[in-house]
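This report describes selected residues, ring contacts and chain relations in one structure. The sequence and the coordinates come before the discussion.

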Number of protein chains: 2
Amino acid sequence: MSTPSPTAVETLKSTLGPGGWTQDASEIAPWLTEWRNKWQGHTPLMLTPRTTAEVAAAVTICSEHGIAVVPQGGDTGLVGGQIPYGEVLLSTRKLRAVRDVTPLDDAMTVEAGVTLLEAQQHATAAGRMFPLSLAAEGSATIGGVISTNAGGTAVIRYGVMRDLVLGIEAVMPDGQVFNGLKRLRKDNTGYDLKQLLIGAEGTLGIVTAATLKLFPIMRSRATAMVGLDSAHAAIELLARAKAETGGGVEAFELMKRIGMEFVLKHIPDTREPLDTTPPWYVLIELVSGEPGAAEAGLERLLADAFEAGLINDAAIAQNQTQRADFWKVREEQSAAQRPEGGGWKHDVSVPVSRIADFLDEATAAVERFHPGARVGAFGHVGDGNMHYDVLCPPGADLKAFLARWEEGSQIVHDVVARYDGSISAEHGLGRLKTDEARRYKSPLEIATMRAVRQAIDPKRIMNPAVLF
Amino acid sequence: MSTPSPTAVETLKSTLGPGGWTQDASEIAPWLTEWRNKWQGHTPLMLTPRTTAEVAAAVTICSEHGIAVVPQGGDTGLVGGQIPYGEVLLSTRKLRAVRDVTPLDDAMTVEAGVTLLEAQQHATAAGRMFPLSLAAEGSATIGGVISTNAGGTAVIRYGVMRDLVLGIEAVMPDGQVFNGLKRLRKDNTGYDLKQLLIGAEGTLGIVTAATLKLFPIMRSRATAMVGLDSAHAAIELLARAKAETGGGVEAFELMKRIGMEFVLKHIPDTREPLDTTPPWYVLIELVSGEPGAAEAGLERLLADAFEAGLINDAAIAQNQTQRADFWKVREEQSAAQRPEGGGWKHDVSVPVSRIADFLDEATAAVERFHPGARVGAFGHVGDGNMHYDVLCPPGADLKAFLARWEEGSQIVHDVVARYDGSISAEHGLGRLKTDEARRYKSPLEIATMRAVRQAIDPKRIMNPAVLF
């Protein structure tokens with residue numbers, strides 16, 4: 001990839017005008033890394049267009065000059081897909097308009113730079129709900145959430161971002177604007193081009209706005225922390241919960257005791273959620289459109305599960321504070337690992353029915369490979385998605401341990417592949433995992449992806465180092 | 001398009017062997033037309049492979065010889081996408097295996113030739129539910145339902161077919177097998193190729209099997225027929241129903257009095273669903289995971305709607321027979337038009353909030369264009385989708401009326417376009433509407449679709465006359 005010529009850089013700067021670009025190193029610096037400090041990029045120029053027309057103008061110039069572009073939203077990605085290494089950085093976070101909110105259509109159209117949290121708030125203000133929720137929602141933007149097809153904690157009921165997008169506006173790699181901002185629930189008139197842009201990690205164009213699906217606000221909600229002897233029991237509890245509530249499970253998060261211990265040790269204002277200390281925990285949340293039904297359903301479910309010997313402890317949140325406490329010990333699982341020293345991180349999925357077997361087999365393989373390593377699995381088990389993190393043995397040489405990350409990850413990923421799983425359930429491939437993914441994708445899949453990319457971005461200027 | 005050479009035909013026949021092909025005109029005849037008799041195709045050869053490997057072998061030969069192929073499922077499509085005009089006809093209906101049903105994953109994998117009804121039955125036998133339902137489900141196959149991204153009556157709760165597919169196996173245009181039969185809920189490892197095949201009308205490959213999402217069986221269900229003064233009132237009722245049930249609306253079907261009259265007049269064993277004869281009807285069905293909740297919710301909803309003056313009559317089905325009666329007058333809306341003489345048919349969608357305005361404006365435009373024409377709108381108004389049919393004035397010259405179909409349709413479709421709608425909500429474009437769609441798609445969209453198609457099927461052998 002060549003460095004953009006001074007002429008091209010000047011054209012970009014004069015086209016976007018003051019406030020539309022920066023070359024100030026201190027302004028750019030925060031956007032060249034991310035919170036885990038795994039990446040440290042560099043760029044000759046950061047563009048901050050304020051309108052779709054400005055994005056289009058910038059991309060047109062980049063296309064004409066063959067300048068590579070890395071699009072960036074809230075910079076919360078964990079696989080380096082948003083970090084430039086010499087490319088021009090194009091941030092969409094100044095695209096801030098809420099174009100419309102239409103409760104009768106259960107739809108709203110927001111620009112790419114609106115944060116996920118703001119989108120949720122706009123929906124709520126209109127008497128509706130936007131269900132996608134994840135830890136970084138205060139910073140993550142709609143453009144980024146679409147480009148990475150983000151997941152989060154409510155996927156079991158509402159699906160991933162792909163399932164929540166009705167329409168997309170995007171600037172294509174040649175600078176043309178694709179206006180696909182439909183509010184339709186049904187439209188069978190050729191290939192659904194927005195599906196290509198969702199999850200494409202900025203390689204097929206830059207999402208500038210989207211029309212999102214809204215949902216009714218639920219009239220009852222009940223949350224419990226449950227203690228179990230095994231992940232197998234959790235899977236059985238999940239199946240019962242889904243069957244007995246008719247799809248009323250909104251969250252079903254599995255945690256191991258070791259992860260709970262890290263949280264209690266390192267995160268202030270946390271407490272044991274149960275009187276006992278079981279080897280496994282599930283945070284379950286039920287919702288219903290019927291007032292009182294979620295609470296009643298949860299009590300019945302847990303009573304039956306006790307009787308069947310499936311669970312051995314449970315606490316139902318009695319108020320919002322207790323609910324927030326339960327969620328806090330879940331949400332801090334990742335942060336609580338840091339003071340324990342780094343680890344090999346994995347964001348994997350397998351079929352739900354196989355998750356317990358996967359955990360057994362992967363953990364046995366990891367322990368053979370690196371005796372004493374601590375496995376801190378937690379995650380959205382209702383979707384078959386585990387954040388499977390392998391931490392350094394206590395007191396061991398962290399640097400030596402981290403040096404084995406790649407080899408260790410291959411062991412985990414090979415088990416994932418045997419279980420027909422995915423090596424990136426929700427974070428995408430980015431710069432981190434594209435090479436690793438080549439080991440598991442068929443040549444046909446890779447060739448087809450490359451052909452589609454070549455068809456849409458023949459100059460390969462859009463996030464060229466990411467994906468195939 | 002050239003006729004396949006005798007050598008190529010012989011190679012195809014010997015490769016598939018006895019039972020794998022036919023040139024018998026009487027065997028082929030039923031598959032060259034469809035129930036509305038709008039199409040009458042022809043083919044030199046009909047292939048009926050029994051396995052994915054046989055489909056792959058056949059397509060490989062077609063690719064090598066540049067032979068065009070029209071894939072066909074249950075032959076229930078209404079836009080001619082499955083009818084060959086000189087192409088080889090490849091039927092997937094002998095791909096009949098149910099490969100697995102995994103209740104713990106809420107998933108099952110079936111081959112393309114399994115009918116939609118059979119798929120529903122396999123799900124039920126496993127204690128789960130497959131929600132896609134449409135009038136032709138006894139004949140329509142999973143392969144066809146995926147390739148046309150079918151909708152049906154439960155879209156408001158469960159989405160279209162695109163939302164119900166976890167994985168796909170397909171034979172690509174060069175004969176290679178794409179094995180994408182994942183049971184995963186989350187997988188962000190590059191472009192989601194199955195999304196391209198869904199709704200592609202057989203132009204990017206032949207779907208041979210699919211892994212489908214299953215759902216819990218609901219524990220309560222309540223159905224009512226409601227009488228209203230206007231479509232505007234129906235939209236308001238819909239918004240209330242969604243908000244008050246937290247997503248418990250499984251069907252919300254609008255009908256006009258004129259359509260009800262056709263049904264009562266022409267379809268045996270039907271009766272007035274209400275004591276009154278309102279200008280508009282809504283068939284509403286609520287479901288819940290909580291026993292009794294759907295019934296209670298429906299009674300409350302209707303009582304409140306009466307009080308608010310939104311509806312003026314309603315009958316709640318007291319048993320399965322009454323429920324079946326309500327559904328029958330809905331499902332026979334299309335068939336009951338036939339004895340009234342033909343009409344200009346439209347399968348359109350607009351944003352839900354605008355459907356009443358659309359109906360007013362389109363009907364005014366149609367009446368200006370052809371005074372006396374009768375508009376028989378009915379459909380899945382919960383999805384913004386109406387089957388907007390314009391029937392010949394009583395006693396008028398049918399042939400002369402039908403001669404104005406194209407012109408009349410353009411008037412309807414222009415109104416659809418002004419309302420940001422779709423000219424094919426659920427039937428696809430096929431041979432019928434591809435040209436018409438060119439009037440409304442942007443050059444960018446058409447060029448992008450063509451580029452993607454060229455990338456995946458460079459010889460354009462897959463259903464070449466369909467789509468762009």
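Where in chain B does Thr203(B) lie? In this predicted model, Thr203(B) is placed in the loop that runs between α7 (193–197) and β9 (206–213) of chain B. With a relative accessible area of 0%, Thr203(B) is buried, because buried is the term for residues under 20% relative accessible area. A polar atom of the Thr203(B) side chain lies 2.8 Å from the backbone oxygen of Ala200(B). When neighbours within four places in sequence are set aside, the contacts of Thr203(B) include Arg453(B), Asp457(B), Met462(B), Asn463(B), Val466(B) and Leu467(B), and among them there is also Tyr191(A), a residue of chain A.

**How the chains are related**

Chain B is superposed on chain A by a rotation of 180° with 0.0 Å of shift along its axis, and the RMSD of that superposition is 0.0 Å. That is the relation of a two-fold axis. Of the interface residues of chain B, 100% are also interface residues in chain A, so the copies meet through the same surface.

Within chain A, the assignment gives domain 1 (6–91), domain 2 (98–213), domain 3 (220–331) and domain 4 (341–425). The C-alpha centres of domain 1 of chain A and domain 3 of chain A lie 43 Å apart.

**A strand residue in chain B**

Val70(B) belongs to strand β3 (residues 69–72) of chain B, and at 0% relative accessibility Val70(B) counts as buried. Although Val70(B) and Glu87(B) are 17 residues apart along the chain, their C-alpha atoms are separated by 6.1 Å. Not counting residues up to four places away in sequence, Val70(B) touches Gly81(B), Gln82(B), Ile83(B), Pro84(B), Glu87(B), Val88(B), Leu89(B) and Leu90(B), together with Arg431(B) and Asn463(B). Asn463(B) is also one of the residues in contact with Thr203(B).

**The loop between α2 and β2 of chain A**

Thr43(A) is located in the loop between α2 and β2 of chain A, and Pro44(A) is found in the loop between α2 (25–28) and β2 (46–47) of that chain. Is Thr43(A) buried or exposed? At 16% relative accessibility Thr43(A) counts as buried, whereas Pro44(A), with a relative accessible area of 27%, is partly exposed. The cut-off explains the two labels, because buried means under 20% relative accessible area and partly exposed covers the range from there up to the exposed class, which is over 50%.

The side chain of Thr43(A) reaches the backbone oxygen of Leu45(A) at 3.0 Å, and the backbone nitrogen of Leu89(A) at 3.4 Å. Leaving out residues up to four places away in sequence, Thr43(A) touches Ile28(A), Leu32(A), Pro84(A), Glu87(A), Val88(A) and Leu89(A). The C-alpha atoms of Pro44(A) and Thr22(A), 22 residues apart along the chain, are separated by 9.3 Å.

**Aromatic pairs and charges over rings**

Over all chains, a search of the whole structure finds 10 aromatic pairs. One of them is formed by Trp344(A) and Phe369(A), a tilted pair with 5.9 Å from centre to centre and 55° between the planes. This pair links distant parts of the chain, since Trp344(A) sits in strand β14 (residues 343–344) of chain A and Phe369(A) in helix α12 (residues 355–369) of chain A, 25 residues apart. Trp344(A) counts as buried at 0% relative accessibility, and Phe369(A) is buried with a relative accessible area of 15%.

In chain B, the rings of Trp344(B) and Phe369(B) have their centres 5.9 Å apart and their planes at 55°, so this pair is tilted. Trp344(B) lies in strand β14 (residues 343–344) and Phe369(B) in helix α12 (residues 355–369) of chain B, so the pair ties together parts that are 25 residues apart in sequence. Both Trp344(B) and Phe369(B) are buried.

Ring pairs also link Trp344(A), Phe369(A) and Phe401(A) into a cluster.

| Charged residue | Ring | Distance from ring centre |
|---|---|---|
| Arg404(A) | Phe369(A) | 3.8 Å |
| Lys38(B) | Trp405(B) | 4.2 Å |

Conventions. Residues are numbered from 1 along each chain as its sequence is written. Chains are lettered from A and ligands numbered from 1 in the order in which they are written. This is a predicted model: local features need pLDDT of at least 70, side-chain atom pairs count only at pLDDT 80 or more; totals for chains, interfaces and linings use all residues. Side-chain values use heavy atoms; hydrogens and water are left out. Helices (H or I, at least four residues) and strands (E, at least two) are DSSP runs, numbered from the N terminus. Buried means under 20% relative accessible area, exposed over 50%, partly exposed in between (1.4 Å probe, protein chains only). A polar contact is a pair of N or O atoms within 3.5 Å; within protein, one must be able to donate a hydrogen and the other to accept it, and residues adjacent in sequence count only if both atoms are side-chain atoms. Contact means heavy atoms within 4.5 Å. Copies are superposed by least squares on the C-alpha atoms of residues with pLDDT of at least 70 in both. Domain bounds come from an automatic or database domain assignment. Rings of Phe, Tyr and Trp (its six-membered ring) pair if their centres lie within 6.5 Å; planes under 30 degrees apart count as stacked, over 60 as edge-to-face and the rest as tilted. A charge sits over a ring if NZ of Lys or CZ of Arg is within 6 Å of the ring centre and within 35 degrees of the ring normal.
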